[in-house]
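Me: I've just opened this one and could use a hand finding my way around. Can we go through it together?
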Amino acid sequence: MTKIPVHLDINGRHHELQIEPRVTLLDALRERLGLTGTKKGCDHGQCGACTVHIDGERVLACLTLAAQAEGRAITTIEGLAREGELHPVQAAFLERDAFQCGYCTPGQIMSAVACIREGHAGSDEEIREYMAGNLCRCGAYPHIVAAVRQAAQEFAS
Amino acid sequence: MTVHNIRVGESKRGDASDGTLAEAVGGRLSRVDGPAKITGAAKYAVEQQLEGLAYAVLVESTIASGKVRAIDTASAEASPGVLRVLTPDTIISLRTASDWLGTTPPDKPYCPLARDITFSGQHVAAVVAETFEQAVAAAALVNVSYDETPSIVDLSDGKAGDGIAIDAMTKEWGDAPAAFAAAPVRICAAYNTPREYQAPMEPHGLIARWEGDRLTVWEPSQWLDGMARTYAEWFEVPFENVRLVSPYIGGGFGSKALALSHGAVAASAAKMIGRPVKLVMTRPQTFTGYGGRAATRQTVTIGADRDGVIQSIVHRGVNETSIDGMWVEPLGSVTSIMYATPNFSSKQNVVRVNSVVPGAMRAPGENPSAFGIESAIDELAYEVGIDPLEIRLRNYAEQDPHAKKAWSTRQLREAFAAGAERFGWSRRSPKPRSMRDGNQLIGWGVAAGTYPVRRAYGEAVVRILADGSVEVESSSIDMGQGTYTILAQTAAETLGVPADDVVVKLGDSRFARAGVSGGSRLAGVMTGAVHKAATSALDQLVGLAISDPRSPFHALQANTLVVANGRIGSPRGDGPDVSIAELLKSVGRDRIEATGDTMPANSTAEDRYKNYTTIAMALPHTEGDYSRYSWCAHFIEVRVDEDFGTVRVSRVVSALDSGRLYNPKLAESQWKGGIIMGIGQALLEEGIMDRRHGRIVNNNLADYLVPTNADIPDIEVISVGIPDPHSSALGGKGVGELGIVGVAPAIANAVFHATGKRVRDLPITLEKLI
């Protein structure tokens, strides 16, 4: 398959790749760019571990071809903390122990940031519903809800 | 561990609400590996970036039984980027390795790609290519033809038969059948659990790299030394030549403790092409590339008097295993110890079916065992008209009924009391279908759980460096239990330094050896080993300070000194007060190092190898005068839609006895995680077979339903444990497995209370209620 040039804007940095058009954004991040914070859990859009932001919206990187993301602003977990300061959602995850093995965590955090931004963190019930696309087999759900609630309140105040 | 350059505010360090300093053992210190995990900096095993990496993709059998007639690899080999296609005929020959008991293996070759097919999803070929995409595309071009033979799909298959009696599982005392026959109240019921899958979020996979006859494997692992042993035996290289690296593990739940055939394929491929090879299972492959929890069947009969006092328990169990492998899921493990009974009989068979050999999944044995006995005693409670909590207290086992030994500690009565109080059990209306909220039937159920305290010997290195910082090294692992954190707390407390000054390095088989991280044993083993090593390092440090002529303490002629907050001084507070770094500088030392192991003093090198690479030296939980278990009681509320039969868990209060908690914040997380997996087991999880082809059909995370955030209510956990000196050096018992045990029966009991329907067949899906 012929390779094509793909230009990606990730966490404010420009990257140029020569890749086959069938390469997913997830595999471009993990296998070509060394950005392994975005996780592969199922490769079929079933688990949410690969959640990233494209133009500020949460997107599953495993169901997105890298070429589709060209010219759009991609944010991954590596781009969330600014100048060494944790994002409030990251800080809340640490404080509330909202993870164990850590593998679903980047996807949970990216979803949580978007969930709050979307206005879907108004109640515990709403948080549970709008975070339901991110599986956590360690079972950190109650602590994830607590972390999202806490971060949402920090943003609101 | 990755060095973190992220500032973490003081408030994020964990609270000290109960008066315990957050970083002391028993304090609520936040995960020290947390910053790496929440920023994406934590590099999991297959995320290592290596030069010249090639990608392998597996091809799996599409029949459940028969022989591979031919494998046509021509199209795959001609596909762009393909470096090699591996088949049973072209893969290099390996030797059969020993099992986890260390039993000498048969002297015969081992081929991780199968010619003889015993289950659907067996690895038959693999494609290695320059890129992942090329390997995936070429793997689809491998054309395998088969001679198919009839298969046994599962336990319900007419061809399955009664199986093989496992005499080692038989437990009997008194005359159980006679006592049952004579009992005024008798109940008898069958309880089934389906195939369940660990489904860790990180799929199994590895990167294998050969340098001459040295092999490095980056692979998520619950047991580096055990897996290194297997790789060494497969490839006939010395154990020391194999290095396993597994700094973080994306969940294991029992499934990542052993080297598996896909690992042999990847390491073979790397050797054959002379390049590092990465092989990661697809999510569907994780359902057949290794075994989940075996499907089980149990019959529990209880004979009791009219007051509900048990006179006899007769228990029969069956679990499935594979055609050529053996897995025994010990189904009588809880049955035989939970309640006092003068007469008891438990026997177990295993039945061969065309499946991958089942494996360990969170509380293997105890989990399905508890589903049987904890459902059955609930049935007895209704039969005799006694509250389900009261009947458990009436049959409380004051000592281990099987081993006939005293419990080391058993805070189960306290768990029942604390859980019932918090849950409001006394407000329960006893009759089924007597509590409702609109069209929702409400049910309250209780069940107990337990897990034995598995003990083993451990080893650790503790190093005090020139700048006063401390390193702890061990080839044990952290898959989310909090090993990094509790070992930092242990070293910090023992040495008298801030936890921030301790760096814990885990997950590399070049570090001090470690046994399996399974059976909830790691925390107890490793805190003991680190405590011992740190004590030895502290003794060296104080010894130097007292005796070295260059030390500022030399003139003091003290017998001992105190180290606190990284500074050394005399116990009376007079004399010098210097930092550890200053002392080391003054005596001209750049480090102090101590290795601590908890092996018996006369242990040989062979003993050590056996201890760390097999489970043969694990200490029985009933060794000596005591029987050692963790305990718990779950109180669960369900809401069942009266029209549709949908079940929602709406409230959970669990009280648990894991002895002393090394870090309650992290232990509570693990308990809740176990409870949540138990909710999945009760209501959602089930491997569904295509009976025509003997193939699992829901082999993905959209169809094999694990709990989502929206399925889980608030969960309250209460620690009722007390330090147990017979279970571990620092007084803890097991945490990780305990939480799941008893959850499914508590939910089934709650569903009965809500609906009047007894579901004995997991999961409790709506069609079983309408």
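Me: Leaving aside its neighbours within four places in sequence, which residues is T613(B) in contact with?
Reply: T613(B) is in contact with D225(B), G226(B) and R229(B); a contact here means that the C-beta atoms, placed from the backbone, lie within 7 Å. Bear in mind that this is a predicted model, where local features need pLDDT of at least 70, side-chain atom pairs count only at pLDDT 80 or more, and totals for chains, interfaces and linings use all residues. Residues are numbered from 1 along each chain as its sequence is written, while chains are lettered from A and ligands numbered from 1 in the order in which they are written.

Me: OK, where does T613(B) sit?
Reply: In helix α13 of chain B, residues 605-613. Helices (H or I, at least four residues) and strands (E, at least two) are DSSP runs, numbered from the N terminus.

Me: And is T613(B) buried or exposed?
Reply: T613(B) counts as buried, because it has 25 C-beta neighbours inside 10 Å. The cut-offs are 20 or more other C-beta atoms within 10 Å for buried, 12 or fewer for exposed, and partly exposed in between, with C-beta atoms placed from the backbone.

Me: What helix do I see across β13 and β14 of chain B?
Reply: That's α5(B), residues 224-235, and it runs at about 140° to β14(B). Such angles run from 0 to 180 degrees between N-to-C directions, with axes as lines fitted to C-alpha atoms, for helices over the stretch in contact.

Me: How many bridges join those two strands, β13(B) and β14(B)?
Reply: Four, and the strands run parallel. Two strands count as paired if DSSP finds at least two bridges between them. L215(B) stands opposite V242(B) in β14(B).

Me: What's the strand order in the sheet they belong to?
Reply: The order is β3-β7-β1-β15-β12-β13-β14 in chain B, an open sheet of seven strands with mixed pairing. β3 (82-86) and β14 (242-245) stand at the edges with a single partner strand each, so one side of each has no neighbour in the sheet. From one strand to the next, the twist averages 20°.

Me: How do β1 and β15 of chain B pair?
Reply: In the parallel sense, over three bridges, between residues 54-60 and 277-280. There, A54(B) stands opposite V277(B).

Me: Zooming out, how many helices and strands does chain B have?
Reply: Its secondary structure comes to 15 helices and 34 strands. The radius of gyration is 27 Å, close to the 27 Å that the globule rule gives for 770 residues, so chain B is as compact as a globular protein of that length. That radius is taken over C-alpha atoms, and the rule is 2.2 Å times the number of residues to the power 0.38. Of the 770 residues, 59% count as buried.

Me: New topic: how many residues does each chain bring to the contact between A and B?
Reply: Chain B brings 53 residues and chain A brings 52. On the chain B side, the largest share is the eight residues from α14(B).

Me: Where is there a cis peptide bond?
Reply: Between L762(B) and P763(B), with omega about -5°. P763(B) lies in the segment after α15 (743-755) of chain B.

Me: What about phi of A199(B)?
Reply: A199(B) has a positive phi of about 45° although it is not a glycine. Most residues other than glycine have a negative phi. A199(B) sits in the loop between β11 (185-193) and β12 (205-211) of chain B.

Technical notes. Two residues are in contact if their C-beta atoms, placed from the backbone, lie within 7 Å.
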